[in-house]
Amino acid sequence: MPEVRIYCLTNLVDSGSGADQRVAGEQIIGIIRKLIQPKSWGDPDAYIALAAGSIVVRQTPAVHGHIQNLIDALAAKPKPKAQNPVVPTATQSTGVSTGGAF
C-alpha cells in the first residue's frame, strides 16, 4: 500500500538561488525515476514532485527504502585529503640471522 514521505533537500543541495535548488531537485527526481523501480512510476498511485525545498513521494515502503538509500548516498561527502599524508613504510624480515659476536 503506498505511503507518502517527504525528503528534505537541504543536505543535498548547496545553498544558492531558488532556481538552482529547483534544478538540482528536478535532477534528483530524474535519477530516482530512472534508477529506482522505473516501471512503478507509471502506477496511478505513485507520485513524486518538488515542494518547498523537499521531494514529496507517494510510493510503496520498499521503493521508499531504495529512495532513502539513494538520498543517503547523495548526502555523503567525501573525506578531505590530508595536507601531508602519512605514507606507511614497509619493513621486511628476511628470516636470516646475521649472527653477531658478543
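Biologist: What makes β1 and β3 paired strands?

Modeller: In this predicted model, β1 and strand β3 (residues 54–59) are joined by six bridges, in the antiparallel sense. Pairing requires at least two bridges, so the two strands count as paired.

Biologist: Why is Gln 59 called buried?

Modeller: Its relative accessibility is 4%. Buried means under 20%, so Gln 59 qualifies. Gln 59 sits in strand β3. Among the residues it touches are Met 1, Trp 41 and His 64.

Biologist: What makes the link between Gln 59 and Ser 40 a polar contact?

Modeller: The distance between the side chains is 2.9 Å. The cut-off for a pair of N or O atoms is within 3.5 Å, so the pair meets the distance limit.

Biologist: Is Ile 36 buried or exposed, and how do you know?

Modeller: Buried. Its relative accessible area is 7%, and the limit is under 20%. Ile 36 lies in the loop between α1 and β2. Its contacts beyond four places in sequence include Ile 31, Val 63, Ile 67 and Leu 70. His 66 is another of those contacts. The C-alpha atoms of Ile 36 and His 66 are separated by 6.7 Å, although the residues are 30 apart along the chain.

Biologist: Which residues touch the most other members of the largest nonpolar core?

Modeller: Ile 32, Trp 41, Ile 48, Ile 55, Val 57 and Ile 67, out of 16 residues. α1, β3 and α2 each give two or more residues to this core. α2 gives the most, with four.

Biologist: What does Ile 55 touch?

Modeller: Its contacts beyond four places in sequence include Ile 6, Leu 9, Ile 28, Ile 32, Ile 48 and Leu 50. In soluble globular proteins, nonpolar side chains tend to be buried together.

Technical notes: Residues are numbered from 1 along each chain as its sequence is written. This is a predicted model: local features need pLDDT of at least 70, side-chain atom pairs count only at pLDDT 80 or more; totals for chains, interfaces and linings use all residues. Side-chain values use heavy atoms; hydrogens and water are left out. Buried means under 20% relative accessible area, exposed over 50%, partly exposed in between (1.4 Å probe, protein chains only). A polar contact is a pair of N or O atoms within 3.5 Å; within protein, one must be able to donate a hydrogen and the other to accept it, and residues adjacent in sequence count only if both atoms are side-chain atoms. Contact means heavy atoms within 4.5 Å. A nonpolar core is a set of buried Ala, Val, Leu, Ile, Met, Phe, Trp, Tyr and Cys residues joined through side-chain atoms within 4.5 Å.
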